[in-house]
Amino acid sequence: MQSRSTSCMRRLAALGAGAILALGSGALLAQAARPSAAAIAAEHEALVKAAKAEGEITFYISAIETIARRILAGFEAKYGIKGQFVRMNGSTLLFQRYSSEAEAGNIAADLAFAAGGADSFSEQAVTKGWLDPVKTWNLPVLNSGEFPARLNRNWSVVVQISPWQVGYNTNKVNSNEVPKDWAEFADPKWKGQLILPNPGVSDAYTLFWAAMQDRYGDAFLTRIAANARPAAGGVAAAQSLAAGEGSFVIPVIVSTIESIKSKGGPLGIHLYDYTAGVDMQMMLTARGKAKRPNASRLFANYVMSPEGNKVMNDEPGGFSVYDSAKLPKEYQSEKPGTVARKAVLTKLLGF
């Protein structure tokens, strides 16, 4: 028995050594496949040269204008390449415009930023040849392994995560009067005081209301609808809140509130542990269809870099995607099939 056991142990030891050797070889191969710092630097230099030859970029974005201006200003200051953007009120409108241009064979945007439904749109657009998949982008920040792999969605990349919050009018509500939980907004005492952006504007709203339905049920949404004032979109809702037309906006992201607050709007914002968010995704127009494929790739590389991503998210309550530890404790990421619940949720909310 002892001899047999010893023999077995020796075979296991030999197998283990072989496995470790194979694992070590795989790790060495992975390291060898990663370009050196010098190669990455040369790659970046070549991209800068090609981008400057094209001279400019154009992008579409569904985020508020201040974010677009900030990231464009940072890019222009670093590389001297001018750009322009078209800001659209929600991802749905952005997808519609991009699709129309693509079908007509004339895509104006070299790249696009959108949230809510970006996963499904970008996958379909890659299949149709409108967008390039991430594996073909060949960017220094990707080749170096610097960009967080978990934010690579294959067809697009997440460059901003903005948790949904509640905004309030500080002239009508003190900070200590803000409900301690989402459930309290269903109280009839808030009738006429809740401003709700139209959830049909962006699938990002669908993700929030789906999270609310999962936690509180259908009855909660119908009670919210009974207390609500409708608004065309997030910016319109925040403007209505600042004008005193209600006490709260549900939901809202910090950049929308701050853009109005910075101009004197009497606004505050509160973040709950349980919430969903806006995952802003970046998509690249296919190299053969983009008017400025190199400039767009340099811009994408900048936005994905620690430096550029910090610029993009440089606002109160914002944080770089390199620092996701600041997310709320019960942050709800998008679940498969959530967007398909849009019609039901929209109806429950009275839209």
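Analyst: Ser 162 belongs to strand S4, which covers residues 157-163. In this predicted model, the relative accessible area of Ser 162 is 8%, so the residue counts as buried, the limit for that class being under 20%. Once the neighbours within four places in sequence are set aside, Ser 162 is in contact with Ile 253, Gly 277 and Val 278.

For the protein as a whole, buried residues account for 50% of the 351 residues. The largest nonpolar core contains 76 residues, and the members that touch the most others are Phe 59, Phe 113, Trp 182, Trp 209, Met 282, Phe 299 and Met 304. Phe 299 shows what such touching involves: with residues up to four places away in sequence not counted, Phe 299 touches Ile 57, Phe 59, Ile 71, Leu 72, Phe 75, Leu 111 and Phe 113. Another core, of 17 residues, lies apart from the largest one and includes Tyr 60, Ala 102, Ala 112 and Ala 118.

For helix H9 (residues 234-242) and helix H10 (residues 254-261), the axes come within 10 Å and cross at roughly 45 degrees. H9 and H10 are therefore oblique to each other, and their crossing is right-handed. On the H9 side, Gly 234, Val 235, Ala 238, Gln 239, Leu 241 and Ala 242 take part, and they meet Thr 256, Ile 257 and Ile 260 in H10. The residues of this contact comprise 6 nonpolar and 3 polar, with no charged residue.

These parts belong to a protein whose secondary structure comes to 13 helices and 12 strands. Its C-alpha trace spans about 80 × 70 × 35 Å along the principal axes. Of the contacts between residues at least 6 apart in sequence, 79% join residues at least 24 apart.

How values were computed: Residues numbered from 1 in each chain as written. Predicted model: local features only at pLDDT ≥ 70, side-chain atom pairs only at ≥ 80, totals over all residues. Heavy atoms only, no water. Core = buried A, V, L, I, M, F, W, Y, C linked by side-chain atoms within 4.5 Å. Buried < 20%, exposed > 50% of the residue type's maximum accessible area, 1.4 Å probe, protein only. Contact = heavy atoms within 4.5 Å. Axes fitted to C-alpha atoms, helices over the stretch in contact; angles between N-to-C directions. Helix = DSSP H or I, 4+ residues; strand = E, 2+ residues; numbered from the N terminus. Parallel < 35°, antiparallel > 145°, perpendicular 65-115°, else oblique. Left-handed = near helix turned anticlockwise from the far one by under 90°. Nonpolar A, V, L, I, M, F, W, Y, C, P; charged D, E, K, R; others polar.
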